[in-house]
Amino acid sequence: MAFSQENIVLGVLLLYMSLGVYSHNKYYTPPNVARLTDLFTHVSISERFSTSYGESNVKILSNGSFATLALDKKSGSGLASRSKYYYGFFSAAIKLPVGLTSGVVVAFYLSNADTYPHNHDEIDIELLGHDKRNDWAFQTNVYINGSVRTGREEKFYLWFDPTAAHHHYSIIWNSHHIVFFVDNIPVREFVHNSAFPFLYPSKPMTVHTTIWDGSEWATHGGKYPVNYNYAPFVVSLAEMEMTGCISSPTATGTSCSKAGASSLDPVGGQEFATLSREQSVAMDWARRKLMFYSYCSDKARFKVLPPECNLEQRMMGRVRTQRYMWREVPTNCN
């Protein structure tokens, strides 16, 4: 029996798929880490947040424990915390919109742009829609004193389908470092270095969660805009956690000392000052397997790399000397 070249290629492809070898996006079994999200209590969305824009696209359900935000042709939508925070742990369980989501941005972040429009701070988690179904990118960013030109972006692929279920996206911000987590796996650490303290968010911030149209930049630099034939795009929010030092507008200072940890700072203790060995190894796994962009490697953008980049590279080198070998289990995506 004769076989055409096309039949042979198709047969090999089907064999690879049956063995779990071929996939347009590998899913992995991540390392085991301590579940920080179990340490803090969930907050009522209706009590702790207010609608920041797109009120008709915001729905708060289940006595405030669950919410949905939508993006359509008329508007995106968002929630903002009623309080400002100086340090803390901030987390949300998010289920992303299904379907073709190019240009769509779902964000969970801290910002004080409303109070400091010309020199604001920002700590960002942004989930970026893709030109392929269910293929979202996870972006982190840090702005210090309002300089958008020196944003410190890093981008990752996810090791799961973020549209199939809720997954936890979390931030620790204290006097020692900022750490970004996905399902309790740390993927990035931004250290507060005494050698350049001005390169660290230093003012109280509001917690935001939003969905909006990022057609100009979000998917392949704006190559693929939002296709509203697939609207509305709906993001689901649950298990919100905000545990931090609340900044009082009537107080002369903040409840957390800038000089160090305060008893009022829930993540200011020594157990939150550095990553554990388990967390360091897990972060190295995530960065080796899933990170596809870091500003510290973008020499075309920066003639001189930001000063913290050399520190980060040295730290990652130390982690790699004690690397574990984790078993990776790729599976086919739907």
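The tour goes from a strand hairpin to the nonpolar cores and then to a helix. Keep in mind that this is a predicted model.

Stop 1: Select strand β2, residues 58-61. Zoom in on leucine 61, whose bridge partner in β3 is phenylalanine 66. Four residues lie between the strands, and serine 62 takes a positive phi near 55°.

**Stop 2: the other partner of β3.** Now show strand β13, residues 233-247. β13 runs antiparallel to β3, and six bridges join them. Look for alanine 70, which stands opposite valine 234 in β13.

**Stop 3: the cores.** Switch to side chains. The largest nonpolar core has 59 residues, and those touching the most other members are Ile94, Leu127, Phe138, Trp159, Tyr169, Trp173 and Ile178. Strand β4, residues 77-95, gives the largest share of this core, seven residues. Center on isoleucine 94: its contacts include Val106, Phe108, Leu127, Pro162, Tyr169 and Val235. Then select Phe89, Ile172, Phe272 and Leu275, which are among the ten residues of a second, separate core.

**Stop 4: helix α3.** Select residues 277-290. At 1.5 Å a residue, the 14 residues should span 20 Å; the end C-alpha atoms are 20 Å apart, which agrees. Ten of the 14 are buried, so α3 is largely enclosed by the rest of the structure. Color the buried set, including Asp284, Trp285, Arg287 and Leu290.

Technical notes:
Residues are numbered from 1 along each chain as its sequence is written. This is a predicted model: local features need pLDDT of at least 70, side-chain atom pairs count only at pLDDT 80 or more; totals for chains, interfaces and linings use all residues. Side-chain values use heavy atoms; hydrogens and water are left out. Helices (H or I, at least four residues) and strands (E, at least two) are DSSP runs, numbered from the N terminus. The expected span of a helix is 1.5 Å times one less than its number of residues. Buried means under 20% relative accessible area, exposed over 50%, partly exposed in between (1.4 Å probe, protein chains only). Two strands pair if DSSP finds at least two bridges between them. A nonpolar core is a set of buried Ala, Val, Leu, Ile, Met, Phe, Trp, Tyr and Cys residues joined through side-chain atoms within 4.5 Å. Contact means heavy atoms within 4.5 Å. Lists of a residue's contacts leave out its neighbours within four places in sequence.
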